Amino acid sequence: SSGINAEWPLRPGEFNTYLSDKIPVNRMHKDPRSESCRIAAKRLPPDAELASTSIIIVMYNEELSTLLRTLVSIVLNTPMDSVKEIIIVDDKSSRDELRSRLDKEVANFPFVKIIRNSKREGLMRSRI
């Protein structure tokens with residue numbers, strides 16, 4: 001154990017991996033949409049065609065638990081028939097163990113692709 005726990009003092013901008021790993025990947029959130037938006041969504045016919053979209057997630061040395069929560073949240077809260085693909089762009093992460101663990105977990109999501117930059121590009125270039 002690293003000795004880091006929930007009481008570990010964090011500076012602004014730091015991330016508590018210990019607590020992040022304790023949060024379930026399938027946690028549910030309250031619907032953030034306005035009441036009028038929720039009502040309008042209920043009026044859509046079940047076979048309404050929504051525009052197909054690609055979701056791009058750019059990451060660098062991200063904690064696996066955070067990435068998995070993001071993927072599961074997308075699956076649980078998005079009409080998946082409108083999602084063409086989810087692309088994870090790894091901006092040359094330096095953690096080798098992350099690469100293998102991410103590959104293993106993403107294998108459970110056939111609509112997810114991983115693109116790995118050969119050099120650090122930064123957020124904006126990685127999205128292009």
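**Reading a predicted fold, piece by piece**

Student: Where does valine 72 lie?

Tutor: Valine 72 lies in helix α3. Helices (H or I, at least four residues) and strands (E, at least two) are DSSP runs, numbered from the N terminus. You're looking at a predicted model, where local features need pLDDT of at least 70, side-chain atom pairs count only at pLDDT 80 or more, and totals for chains, interfaces and linings use all residues. Residues are numbered from 1 along each chain as its sequence is written, and side-chain values use heavy atoms, with hydrogens and water left out.

Student: How many helices and strands does the chain have?

Tutor: The chain has five helices and three strands. Start at the N terminus and the elements go α-α-β-α-β-α-β-α.

Student: Back to valine 72: is the residue buried or exposed?

Tutor: Here's the rule: buried means under 20% relative accessible area, exposed means over 50%, and partly exposed is in between (1.4 Å probe, protein chains only). Valine 72 has a relative accessible area of 15%, so it is buried. Leucine 64, also placed in helix α3, has a relative accessible area of 6%, so it is buried too. Across the chain of 128 residues, buried ones make up 24%.

Student: Which residues of the largest nonpolar core touch the most other members?

Tutor: A nonpolar core is a set of buried Ala, Val, Leu, Ile, Met, Phe, Trp, Tyr and Cys residues joined through side-chain atoms within 4.5 Å. The largest one here has 16 residues, and Ile57, Leu71, Ile86, Ile88, Leu102 and Val112 touch the most other members. Two or more residues of this core come from each of β1 (53-59), α3, β2 (83-90) and α4 (96-106). Helix α3 gives the most, with six residues.

Student: How many residues apart in sequence are valine 72 and methionine 28?

Tutor: They are 44 residues apart in sequence, and 9.9 Å apart in space, C-alpha to C-alpha. Leucine 64 and glutamate 105 give another case: 41 residues apart along the sequence, with 9.0 Å from C-alpha to C-alpha. Then try isoleucine 23, in the loop between α1 (17-22) and α2. From isoleucine 23 to threonine 66 you count 43 residues in sequence, but 9.1 Å in space, C-alpha to C-alpha. Isoleucine 23 has a relative accessible area of 28%, so it is partly exposed.

Student: How many aromatic pairs are there?

Tutor: In general, you describe a pair of aromatic rings by the distance of the centres and the angle of the planes. Rings of Phe, Tyr and Trp (its six-membered ring) pair if their centres lie within 6.5 Å; planes under 30 degrees apart count as stacked, over 60 as edge-to-face and the rest as tilted. By this rule there is one aromatic pair. The ring centres of phenylalanine 109 and phenylalanine 111 are 6.0 Å apart and the planes stand at 80 degrees, so the pair is edge-to-face. Phenylalanine 109 is buried, at a relative accessible area of 14%, while phenylalanine 111 is partly exposed, at 26%.

Student: Which residue lies over the face of tyrosine 60?

Tutor: A charge sits over a ring if NZ of Lys or CZ of Arg is within 6 Å of the ring centre and within 35 degrees of the ring normal. Over the face of tyrosine 60 you'll find arginine 120, at 3.6 Å from the ring centre.

Student: What is the phi of asparagine 61 near?

Tutor: Most residues other than glycine have a negative phi. Asparagine 61, though, has a positive value near 50 degrees without being a glycine, and its place is in the loop between β1 and α3. Lysine 92 isn't a glycine either, yet has a positive phi of about 60 degrees. Look for lysine 92 in the loop between β2 and α4. Its relative accessible area is 42%, so lysine 92 is partly exposed.
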